[in-house]
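Colleague: I am new to this one. Please show it to me, and let me ask about the labels.

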Amino acid sequence: MIRRRLLPVAAVLAIAFSAALGAHAAAVTPADARKIARDAYLYAFPMLENYKTLAKQIADPKSPEYVGGFGRYRHYAEPFTPANHDVVTPNNDTPYSWAWLDLRAQPWVLSVPKADRYYVAQWIDLFTYNFAYVGSRATGDEAGNYLFVGPRWMGKTPPGIKQVFRSETDLVLSLTRTALKGPDDVAGVKAFQAGLKLQPLSAFLGGPVPPAAPAIAFPPYDAARAKSIDFITYLNFLLQFAQPPNASEAGSLKRFAQIGIAPGKAFDAARLDPAVRTAIEAGVADAQKQLADAIAVTHSSNGLFGSRAAQKNDYLRRAVAAAMGLYGNDLAEAWYGGYVGDGTKPATIHFAKGQLPPAKFFWSLTLYTLPDRFLYANEIERHSLGDRTPGLQKDADGGLTLYLSHESPGEEKKSNWLPAPAGPYSLITRIYGPSEAAMSGAWKMPPLAVSAP
């Protein structure tokens, strides 16, 4: 049977906790408010970036990205082209399937078919922590049913469920990636995607349906507001879906409450003492500079993405991850690396014999234009190279050399040529199922070697 237990005592405690935190707001000094706002903005930034996606996919039926509501998949199977600008740095290796769940009323069940290809269903909470994985690496390629429960659910695991995953937040995102073996494999991707199924636990069991959770009044997302003192409005809205709060954040939330941050609390910057308001605005600016500085010295994704346990509440690192690659996979799932080049300066990447990217599943290098980070339209319609590229030629000694340039390197090298714009580009390496050597840094990508003029 389904147990929808909302724990009234816990709810009362959460309300009392929020009220107690709010009581500190009047006593804060401008100096303290600035420091608190800086830390709170860094804490909130990944949640704000996450909400930007949620607002388009769930709250705005007019948005091109709208998925149709909670509990519904929106699948993409066709390879991206230069004309597709839905997302930056699009990935043609693994087309996406998006879905959001609302776990307030009851848990949901994910059913997956037996897989004939690599796939990964990554599950992300409102904090942007990767809290669960289902897929080839994590759970294998066999068919199965997996239960996703919210922070307050206290029911028993029903028969037929392979594993239960608990989220810290009531609203969660599933981003499933399904391997595309080539342009002719679209039907295979669609067939697998059609086998993915989401259903509430009541439907899975064929039992009674619990009362629906209250409707959510989503605040319209406005980028300017999210980057201003009004980030607090969005944060307070989101925190109501993360109750009870994680024990490790009690100290931080108590501090944040001094500037009006509390789950579900209304926030009106105009009602603040002018000096405190100015201080909070300065703190937001401080945080944005700190984030920009951290991004400037971050050259690897290793360690940027993961669970709360893996991230250890490092809010700056979590913010960097959201800014540089929102919804990135755990390192064990995928290794990411990159280069920046200029197509007018021919370059090569040379892998010595036995030093190809160490991937359990597959690897690729995809080229994007800068600064927009979209695929580059070129005469041979090639946007990436990798271990699944037809006709890729190895060197005589068993190594592999790739050519990157605006002009063709010649007919004999064309099989290994990745066309580039006549200007700057970004090249992203993806390794799916990276080896221990790749994860530890013992194996490294070779340099992008610019040819002599």
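Modeller: What follows is a set of questions about labels, each answered from its definition.

Modeller: This is a predicted model, where local features need pLDDT of at least 70, side-chain atom pairs count only at pLDDT 80 or more, and totals for chains, interfaces and linings use all residues. Residues are numbered from 1 along each chain as its sequence is written, and side-chain values use heavy atoms, with hydrogens and water left out.

Colleague: What makes residues 274-296 helix α8?

Modeller: Helices are DSSP runs of H or I with at least four residues, strands are runs of E with at least two, and both are numbered from the N terminus. Helix α8 has 23 residues.

Colleague: How do you know that the span of α8 is close to the expected one?

Modeller: The expected span is 1.5 Å times one less than the number of residues. For α8 that gives 33 Å, and the helix reaches 33 Å from its first C-alpha to its last.

Colleague: What caps the N-terminal end of α8?

Modeller: Asp-273 does, with a side-chain oxygen 2.9 Å from the backbone nitrogen of Ala-275. A polar contact is a pair of N or O atoms within 3.5 Å; within protein, one must be able to donate a hydrogen and the other to accept it, and residues adjacent in sequence count only if both atoms are side-chain atoms.

Colleague: Which elements do the buried residues of α8 pack against?

Modeller: They pack against α2 (30-59), α6 (231-239) and α10 (315-325). Among the buried residues are Val-276, Ile-280 and Leu-291. Buried means under 20% relative accessible area, exposed over 50%, and partly exposed in between, with a 1.4 Å probe and protein chains only.

Colleague: Why is Lys-114 called exposed?

Modeller: Lys-114 has 55% relative accessibility, so it counts as exposed. Glu-142, at 45%, is partly exposed.

Colleague: What makes Glu-142 and Lys-114 a salt bridge?

Modeller: A salt bridge is a side-chain nitrogen of Lys or Arg within 4 Å of a carboxyl oxygen of Asp or Glu. Here the N to O distance is 2.9 Å, so the pair qualifies. Glu-142 lies in the loop between β5 (130-135) and β6 (144-149) and Lys-114 in the loop between β3 (108-112) and β4 (119-124), so the pair ties together parts 28 residues apart in sequence.

Colleague: How many salt bridges does the structure hold?

Modeller: It holds 19. In another, Lys-190 meets Glu-78, with the closest N and O atoms 3.6 Å apart. Lys-190 lies in helix α3 (186-194) and Glu-78 in the loop between β1 (74-75) and β2 (96-102), so that pair ties together parts 112 residues apart in sequence.

Colleague: Why are β10 and β13 called edge strands?

Modeller: Four strands form an open, antiparallel sheet in the order β10-β16-β12-β13. β10 (334-342) and β13 (384-386) each pair on one side only.

Colleague: How do you know that β12 and β16 pair?

Modeller: Two strands pair if DSSP finds at least two bridges between them. Nine bridges join β12 (359-369) to β16 (424-434), so they pair.

Colleague: What joins the side chains of Asn-145 and Ser-111?

Modeller: A polar contact of 2.6 Å joins them. Asn-145 is found in strand β6.

Methods: Contact means heavy atoms within 4.5 Å.
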